[in-house]
Amino acid sequence: MALHVEHRAMPPYAYPVGPTTLRVVLRSGRGQLRSVTAVYADRYAPFEEGETAPLELAGSDALYDYFTGELTLRPPRFHYAFLLDDGVRRHWLSETGLSAAMPMGGFFTYPYINEADLHHVPDWLVDGIVYQVFPDRFANGNPANDPPGVRPWSDQRPTARSFYGGDLEGIIAKLPHLEELGVTVLYLTPIFASPSNHKYDTTDYYRIDPHFGDEETLRELVRQCHARGIRVVLDAVFNHCGFEFFAFRDVRERGQESPYTRWFHVEEFPVKEQSQPNYETFATGIAAMPKLRTGNPEVRDYLLNVARYWIEQCDIDGWRLDVANEVDHAFWRELRRAVHGVKPDAAIVGEVWHDALPWLLGDQFDGVTNYPLREACLDFFARGRTRADGFAQALVRNLFAYPRQALLGCWNLLGSHDTERFMTACGGDGRKAALAAVFLFTWVGVPLIYYGDEIGMKGGADPDCRRPMTWERDPSAGWNEDLFQLYKRLTRLRRAIVALRRGDARILHADPVANTLAYWRGFKSRHTPGSGPGHGGGTAGLAEHGVVVVINNSSRARAVPLPGPVLEAAMRLTVLVDGESGTATGREATCPPGPVEVPAYSAVLLTLA
Ligand code: CA
């Protein structure tokens, strides 16, 4: 069989992780290679005098093995090739392809790591836990500002047009809930003036919607969040505006005479919105959301000023960018510069539902909404469409899709205002929702809790997923106290264990029959000769530098075998979820060598005793 190997000297196969360190990834056909070694040198020095770095088999999906390693040079200008061993013979891989002999030229080249090109993701984002609020549905702190015709809070059947009266004062009043839960970032879906309940059709980017409050209310919310160690991220809807946005209104009223015709994509004048709009909109035919021409410098400057304004005026900490994948890259690069100009550690996270590499190269977003990971969680935990091996493969594919620092900034979510709630996808089975929560808080990337998921709220697709928050702490009202206690423990666990926030990840075990999964999160000592497992993905000493999570996603107790060296030392086992007793527990035990006993629908954490 022909050898299948892939590498290019660019992301996601090569990217800097520090001023002198280049991380490289080589992808090869699954099971084809025994080992991979990088040979590298200063690109102005003779290659044959270069250094070697063994790559580690860091994961596999259905098609590929992923080998990774780090190359360090000062000055940081690299040329390199790989020495591959397929078990029969050795091959060299360079930019020109495979050869039996050491190549004399055509090396992979990463010319220089410039500090300016390093992707700095804010620490508070990497270490963060996000809580997403849909303001009309979270808490009504001021009935005096309610829109007309609000529904009673107890009505759990929202329609696309219903209002409930939630507002910023309500969020302020409920900050103790966020603090008790243990989140560190509050993300609000749009709050600027708009006729809808979701406010994704902005009328005025410079005005807080009067049903939510005003600029002073937002300032107070941010102040109180900051006092509790919580950052605030707002939703920037820059792909499109609302029907009543001043520029679009002018185009509607004045047609071709309007100075704003080039702010939109109008096919012909006069503008008409009936039956089929004759201008481009968000999605198809949504007349209330005309698409903005962000390539127009006037539009760009207007929106960049909006992005700066709310940071300067109210001290918000970042932006989540709506429909980020349909706005031009040049605009996002400008936005990054503009935002960092007023707040250097502000976070920028884009809404992208698919492979988002073009936005995660360091010049645009810090992370994206990780919907592909959500799909994998749905299939494994909720729908039972994949077994542990398929889930592990999806995780590995996601792990190597982006540069590592961008992956650490991605928002991992089980649900949002645009999706069915996870508990509903689980058919109301709290054990499955609990296991998925454990995964969310122990995997790579920033966990995002959609308001109410922490207490097991239910809801189908939009608008049903936007029910008013349940505040009555009573099971008969739909409040799942076990789940809430689990979420509280998980936020604290993640805040306490740095390996869960920043560590690498390796799948240790994925059994499709038993449906059990184990993975490691942690750090390895770098550049210690002979310390890397290198060959065949060994796991020696992993437990010394991190933690191990074991999940039993089956209806029977399982004895989960872990690779021998993982448990070479005495381990402390913490039961995160006990599906058999139906409760979340924090029970601890010493873990003897040998298989780890995990009850049905349960998860345990292993740490060095
Ligand atoms: Ca209100």
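Helix 6 (297–314) has buried residues covered by elements that include strand 14 (192–193), strand 15 (204–208), helix 4 (215–227), helix 5 (246–254), strand 17 (318–321) and helix 7 (329–342). This is a predicted model, in which local features need pLDDT of at least 70, side-chain atom pairs count only at pLDDT 80 or more, and totals for chains, interfaces and linings use all residues. Residues are numbered from 1 along each chain as its sequence is written, and side-chain values use heavy atoms, with hydrogens and water left out.

**Helix 6**
- Helices (H or I, at least four residues) and strands (E, at least two) are DSSP runs, numbered from the N terminus.
- The buried residues of helix 6 are V299, Y302, L303, L304, V306, A307, W310, I311 and C314; buried means under 20% relative accessible area, exposed over 50%, and partly exposed in between (1.4 Å probe, protein chains only).
- The 18 residues of helix 6 should span 26 Å at 1.5 Å a residue, which agrees with the 26 Å between its end C-alpha atoms; the expected span is 1.5 Å times one less than the number of residues.
- N296 caps the N-terminal end, with a side-chain oxygen 2.8 Å from the backbone nitrogen of E298.
- D315 follows helix 6 and has a positive phi, near 65°.

**Helix 13**
- Buried residues in helix 13 include L483, F484, K488 and R494.
- N480 caps the N-terminal end of helix 13 through a side-chain oxygen 3.2 Å from the backbone nitrogen of D482.

**Calcium site**
- N140 (OD1), N142 (O), N145 (OD1), D146 (OD), G165 (O) and D167 (OD) coordinate the calcium ion at 2.3 to 2.6 Å; donors are N, O and S atoms within 2.8 Å of the metal (3.2 Å for Na, K and Ca), and water is not among the atoms, so sites may look incomplete.
- Along the chain, the donors follow the spacing N-x1-N-x2-N-D-x18-G-x1-D.
- N142 counts as partly exposed because its relative accessibility is 21%.

**A81**
- A81 is found in strand 8 (residues 78–85) and counts as buried because its relative accessibility is 0%.
- A81 touches residues including A38, F47, W92 and F108, not counting residues up to four places away in sequence; contact means heavy atoms within 4.5 Å.
- The C-alpha atoms of A81 and F138 are separated by 55 Å, with the two residues 57 apart along the chain.

Definitions and conventions: Polar contact = N/O pair within 3.5 Å; in protein donor to acceptor, adjacent residues only side chain to side chain.
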